[in-house]
Amino acid sequence: MKISDKPLFDTAPYRDLKDPCPVWDGSLWHLYGSAGSTTTEIWNILHATATSLDGQWKVEEFAHLEGLDKDQVAAPAVVYNPKTKLFNMFVQTDFMSLGGTIERLISADGHHFEWTDTLIRSIPNTHEAGIYDPDPAIINGRKYLTYSGTDVVGRPDIYLAKSTNNTWRGPWKRVGKILDHSEVNHHNQKSSSNYEWGLEGSQLLELPNGLKLLNAVCFLPQGEFQTRQRIFFAISENVEGPYTSLGPILQPLDDGWASGENGHGSVILHDGLIHLFYQARPSKLGSVWRYGHTTFSMEYIQELYQKALQNNHQKSQQKFNEA
């Protein structure tokens, strides 16, 4: 699948743009993300609008978050509720240290958000001592959150929580880990001397055929640091897994703005296609992050899934024969 040959827009005042999330409110597209710098890890919430997913995107003032004033608040995931006419935003408070939380804010206009509550707290001395990258999903009519959880900074796996009363406010029940390092063979393993980072940037999407698509980020086992980050898709029949990885879904460009690596994306279904908004940067170390947009057909994803299932079956059969 073709990666964008140019970024969505070039926003010079912001060094880095990360974690894009598009949302439709019935009349206008909104694009949220993290705007700031990877050198300082100080972030604001980007807000842009457009009448079409293809743009032109108008960059608005930073989204205003009332009641949640912290430098590391980032990775916004936003969903619009047409019944209440409210935007629900879910954000992290930190990812570079343990002890973070997942927070919720609401907005009537998509720009001014008011903090409502802390949804999930990290638990010291557990595999969820650090939590970040929350993302909401509705699967089989039920509300879920995926997020990254870790006991060591930089080594997260993918976790799931479920709303016990089927509202975005919760309360939320931890379901547990749904994807581990060891289940992704194109991801660097914790035992490797060349280890870079863990699984993150997760999001669930229910497909029309009932399958569950997990969109997430891995880091390839080999290569230079800051060139190995990749978006990958995984599929499961059950929201809790197990998930079959389809492998990295985007390959870097030979040259240009997205020639280095790509990461933290957001997928939506629109006009029969899966739209992926993602972050990418050039191959030169220390380069800045920008946004791209591409699409996938349902047939293409189904084809990848069938190939992955066949490949896994062949590997299992080979191990059985060798035993």
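Started at a cross-strand contact: tyrosine 80 has phenylalanine 87 in β7 as its bridge partner. I'm working from a predicted model here.

Next I looked up how β7 sits among the strands beside it. Strand β6 (residues 74–81) pairs with β7 in the antiparallel sense, over six bridges. Their hairpin leaves four residues between the strands, and lysine 85 there takes a positive phi near 60 degrees. On to strand β8 (residues 101–107): β7 runs antiparallel to β8 too, joined by six bridges. I found methionine 89 opposite leucine 105 of β8.

Is β7 enclosed or open? I checked burial: six of the seven residues of strand β7 (residues 86–92) are buried, so the rest of the structure largely encloses β7.

Then I turned to the rings. I get 14 aromatic pairs. One of them is tryptophan 57 with phenylalanine 277, edge-to-face, 6.3 Å centre to centre and with 90 degrees between the planes. Tryptophan 57 is in the loop between β3 (42–50) and β4 (58–59), while phenylalanine 277 is in strand β19 (residues 273–281), so this pair ties together parts 220 residues apart in sequence.

Tryptophan 168 has lysine 143 over its face, 5.3 Å from the ring centre.

Conventions. Residues numbered from 1 in each chain as written. Predicted model: local features only at pLDDT ≥ 70, side-chain atom pairs only at ≥ 80, totals over all residues. Heavy atoms only, no water. Phe/Tyr/Trp six-rings, centres within 6.5 Å; stacked < 30°, edge-to-face > 60°. Helix = DSSP H or I, 4+ residues; strand = E, 2+ residues; numbered from the N terminus. Lys NZ or Arg CZ within 6 Å of the ring centre and 35° of its normal. Buried < 20%, exposed > 50% of the residue type's maximum accessible area, 1.4 Å probe, protein only. Pairing = 2+ DSSP bridges.
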